[in-house]
Amino acid sequence: MLANKQLQAFSAVAKLQNFELAARHLHITQSAVSQRIRHLEEYVGQTLIVRTTPLRLTEAGFKVLQHVQKLELLENQLERDLNFEHKSGPINFTIGVNADSLSTWFWQALEPLLKTYHYTFDLVKADQDQTINLMKQGLTQAVVTTHPTPLQGAKSVYLGKMIYLLVASPAFIEQFFQKGVTKQTLKVAPTAIYDRDDDLTFDFMEKYFDISQEHVPYHTFPSVESFERLVLADAGYALIPELQAARYLASGELISLAPEKTMPVPFYLHHWQLNNDELNHVIETITHAGRRLLIS
């Protein structure tokens, strides 16, 4: 049987990506952490962590981490069912979410959960096409993603669509788009992407204007707020969610460059299928909010 202390040490190192930080978190020595993980690897007969910089989990390591995530929820449910008197404090959930959702509707979804003081949340940010990998690797218990198909042992719930608009300030439009938003003008005007995994803007350009990525001048700004600052400062245009742009469009600070050309992106909430009341409550609350705030 897998030893609980060994699993705790492995989980801490995998999540914190550091043996010393894991030792501090568990209030034990670093050598004790290393010893517990070594014993765990001996028990399963496989290497779980490759000791490189940064640390890397093996395929077996990802499977063990998934097991730990599920085990923590099951143990929490058992404690609830048995009314353990020593059980105290909020329950922690780790959820993968993309930056655009986090800055718009997802906060509204979490707000009622935060106000119960029953839960704490460890939110892991990644591109909407990449969040599913966080769950696959055992790093999260749930994710917001664009992938409809659930992992084995998990469930996928459709939330709705986020509509993306191409926007710019009146001054930027005056400088770059006097002759309209065309293939030629878009090859000159600078835009922004979130990071190297962000293909949404390039997909938009290829779909509506037949422009390939190498012909699009762009900045890389890994912050949703920086997109706003870029367009409001007359320094570029950007593809941003309608939920984020709405107040600026209403005030006239921003203008939709191509109102008839939008990028609807469907979002799903994936979570492990476990008989856990707290997890079910969190999932139901986020699902209800997503379906209320996103486009059905």
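Analyst: Happy to! The words have cut-offs: buried means under 20% relative accessible area, exposed over 50%, and partly exposed in between (1.4 Å probe, protein chains only).

User: What should I know about the model itself?

Analyst: It is a predicted model, where local features need pLDDT of at least 70 and side-chain atom pairs count only at pLDDT 80 or more, while totals for chains, interfaces and linings use all residues. Residues are numbered from 1 along each chain as its sequence is written, and side-chain values use heavy atoms, leaving out hydrogens and water.

User: Which side chain does Arg51 meet in a salt bridge?

Analyst: Here is the general idea: side chains of opposite charge can pair when their charged atoms come close. A salt bridge is counted when a side-chain nitrogen of Lys or Arg is within 4 Å of a carboxyl oxygen of Asp or Glu. In this case, Arg51 pairs with Glu41 at 2.9 Å, N to O. The pair links distant parts of the chain, ten residues apart: Arg51 sits in the loop between strand S1 (49-50) and strand S2 (56-57), and Glu41 in helix H3 (residues 30-44). Helices (H or I, at least four residues) and strands (E, at least two) are DSSP runs, numbered from the N terminus.

User: Is Glu41 buried or exposed?

Analyst: Glu41 counts as buried, because its relative accessibility is 13%.

User: How many salt bridges are there in the whole structure?

Analyst: A search finds five. One of them joins Arg24 and Glu20 at 2.7 Å, N to O. Both residues lie in helix H2 (residues 19-26), four residues apart, which is about one turn of the helix. Arg24 counts as exposed at 54% relative accessibility, whereas Glu20 is partly exposed at 38%. Another bridge brings Glu111 and Lys115 together at 3.3 Å, N to O.

User: Now for the backbone. What is Phi of Gln17 near?

Analyst: Phi of Gln17 is near 60°, a positive value in a residue other than glycine. Gln17 lies in the loop between helix H1 (4-16) and H2. Asp234 also has Phi near 60°, and its place is the loop between helix H11 (224-232) and strand S9 (238-241).
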